Amino acid sequence: MIRLFSQLCKFFKQIPFENEITAFNKYVSSVNVENLVCPFCGAKHSLASFAFYKRHLVTYNNNIAEDNIIIISRYMCSSCNRTHALLPPVIVPYMSFSFKFTVYLIYDYLVHKYHSVEAMCEHYGIAISTFYRILKKFKEHKQIWLGLLEDKLISNLSFVRHIINSSFDELENFIIQFFKQNGLSFFQGTS
Ligand SMILES: [Zn+2]
């Protein structure tokens, strides 16, 4: 898998994370293939468009969960012959919920926006067990990111509030740094 970030895109103008489908399309349409590096063998200038596939992406916009169908591009490396899916930061690998969906879910839980976890999950259209898996992963990754000591000092709510209030650049940078540091994305491994 290739995590696609704006440095790899040409003519990339700042876009808000507000609508993740717009953000997704913007990323994919402006990708600069020349800048992509094969995540398996490290070859440069070796990737070429190979195939496309459709998948679901559940986003969260204006307090509404929406199921979208998106098209993911696969690239093939001419050096090692492996194929890699191109995944913009709105996508959490192997999860059908978008990054923002997941962040708002945690936020709404922490501020007790709904009178019960059941009511919240009904609003988001997810199973209660799914929510608890996401929450567990959130706590686990927060601790990995902050380290044991900082993790105790910074509450879950202030951490998630910080993510929500981040600018697009800050958010993307956080996703990049977490991925580089841990070899997987924030929230990855939930499903
Ligand atoms: Zn390769």
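**The interior and what surrounds it**

A: The chain has 6 helices and 4 strands. Both kinds of element are DSSP runs numbered from the N terminus: helices are H or I and at least four residues long, strands are E and at least two. From the N terminus, the order is β-α-β-β-β-α-α-α-α-α.

This is a predicted model, in which local features need pLDDT of at least 70, side-chain atom pairs count only at pLDDT 80 or more, and totals for chains, interfaces and linings use all residues. Residues are numbered from 1 along each chain as its sequence is written. The average pLDDT of the chain is 88, and 91% of the residues score at least 70. (pLDDT is the predictor's confidence in each residue, from 0 to 100.) Confidence is highest in helix 3, at 98. It is lowest in strand 1 (residues 2-3), at a mean of 70.

Now the overall form. The C-alpha trace spans about 55 × 35 × 30 Å along its principal axes. The radius of gyration, taken over C-alpha atoms, is 17 Å. A compact globule of 191 residues would have one near 16 Å, so the chain agrees with that. The globule rule is 2.2 Å times the number of residues to the power 0.38.

Contacts come next. Two residues are in contact if their C-beta atoms, placed from the backbone, lie within 7 Å. Take the contacts with a separation of 6 or more: residues 24 or more positions apart account for 61% of them.

How much of the chain is buried? Of its 191 residues, 24% count as buried. A residue is buried if 20 or more other C-beta atoms, placed from the backbone, lie within 10 Å of its own; 12 or fewer makes it exposed, and anything in between is partly exposed.

Go inside now. A nonpolar core is a set of buried Ala, Val, Leu, Ile, Met, Phe, Trp, Tyr and Cys residues joined through C-beta atoms within 7 Å. The largest one here has 33 residues. Within this core, Val-92, Leu-105, Ile-106 and Phe-187 touch the most other members. Six stretches of the chain are named as giving two or more residues each: helix 1 (20-29), strand 2 (47-61), strand 3 (64-77), strand 4 (83-87), helix 2 (99-110) and helix 4 (128-153). Helix 2 gives the most, with 7 residues. Ile-106 then contacts Leu-135, Phe-138 and Val-160.

An α-helix has 3.6 residues a turn, so residues three or four places apart point the same way. What covers this buried set?

Helix 3 (residues 117-124) holds Tyr-124. Tyr-124 counts as buried because it has 23 C-beta neighbours inside 10 Å. Not counting residues up to four places away in sequence, Tyr-124 touches Ala-65 and Leu-105. Glu-66 is 58 residues away from Tyr-124 along the chain, yet their C-alpha atoms are separated by 9.1 Å.

The strands complete the picture. Two strands pair if DSSP finds at least two bridges between them. Strand 2 and strand 3 pair in the antiparallel sense, over 14 bridges. Ala-48 stands opposite Met-76 of strand 3. Strand 3 and strand 4 are also antiparallel, over 3 bridges. There, Tyr-75 has His-84 of strand 4 as its bridge partner.

Finish at the turns. The hairpin of strand 2 and strand 3 has 2 residues between the strands. Asn-62 lies in that loop. Its phi is positive, about 45 degrees, although Asn-62 is not a glycine. Asn-62 is exposed, with 7 other C-beta atoms within 10 Å. The hairpin of strand 3 and strand 4 has 5 residues between the strands. Asn-81 is found in that loop. Asn-81 is not a glycine either, but has a positive phi of about 65 degrees. Asn-81 is exposed, with 10 other C-beta atoms within 10 Å.
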